[in-house]
Amino acid sequence: VLRSMGLNPSPNDMSELMKMADTDGSGAIGFDEFKDMITKRSCGQEAEDNLLKAFKVFEIAPGKVDLKELRQALIAFNGDVTPENIDQILSKAPTKGSQIDYQEFVITLTDV
């Protein structure tokens, strides 16, 4: 997701981001921690715009992305985030069948 937002953190930077995002010290990034990390990297409308652009890359219909495709991409791009963490984050996404309404999901992610 960070790379899709135009950010290109090094592996060391990603490790540091993950450590900072893991505020409860569990070794895993939960949904609220992920949401906080995303909104701290960008502010307000900028965060929303960047997320919309990132999801647009995966768009299969207006405002929709395929849940399985997005999950696979997030696993491939985020080596420090476990598939279980990604599943937890994606479980908060508004879905209809196998599609995520990414515009609503962005609102969920950026609602501070």
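Visitor: Which residue in E4 is the bridge partner of Val65?

Guide: It is Ile100. A word on the source: this is a predicted model, where local features need pLDDT of at least 70 and side-chain atom pairs count only at pLDDT 80 or more, while totals for chains, interfaces and linings use all residues. Residues are numbered from 1 along each chain as its sequence is written, and side-chain values use heavy atoms, leaving out hydrogens and water.

Visitor: What makes E2 and E4 a pair of strands?

Guide: Two strands pair if DSSP finds at least two bridges between them. Strand E2 (residues 64-66) and strand E4 (residues 99-101) have three bridges, in the antiparallel sense, so they count as a pair. By "strand" I mean a DSSP run (E) of at least two residues; a helix is a run (H or I) of at least four, and both are numbered from the N terminus.

Visitor: What is the order of strands in the sheet, and which ones are at the edge?

Guide: The open sheet of four strands runs E1-E2-E4-E3, with antiparallel pairing. Strands E1 (59-61) and E3 (95-96) are the edges, as each pairs on one side only. Helix H6 packs on this sheet, touching E1, E2 and E4; touching means heavy atoms within 4.5 Å.

Visitor: Why is Tyr102 called buried?

Guide: Buried means under 20% relative accessible area, exposed over 50%, and partly exposed in between (1.4 Å probe, protein chains only). Tyr102 has 3%, so it is buried. This residue lies in helix H6 (residues 102-110). Leaving aside residues up to four places away in sequence, Tyr102 touches Leu52, Phe55, Lys56, Glu59, Gly63, Lys64 and Val65.

Visitor: How do you know that the buried residues of H4 line one face?

Guide: In helix H4 (residues 67-77), Leu70, Ala73 and Leu74 are buried. Seen down the helix axis, the buried residues fall within an arc of 100°, so they line one face; that arc is taken from the directions running from the helix axis to the C-beta atoms. The face turned away from the buried side carries the exposed residues Lys68, Gln72 and Ala76.

Visitor: Which residue caps the N-terminal end of H4?

Guide: Asp66 does, with a side-chain oxygen 3.2 Å from the backbone nitrogen of Lys68.

Visitor: And how many residues does the protein have, and what share is buried?

Guide: Of its 112 residues, 39% count as buried.

How values were computed
Axes are lines fitted to C-alpha atoms, for helices over the stretch in contact, and angles run from 0 to 180 degrees between N-to-C directions. A polar contact is a pair of N or O atoms within 3.5 Å; within protein, one must be able to donate a hydrogen and the other to accept it, and residues adjacent in sequence count only if both atoms are side-chain atoms.
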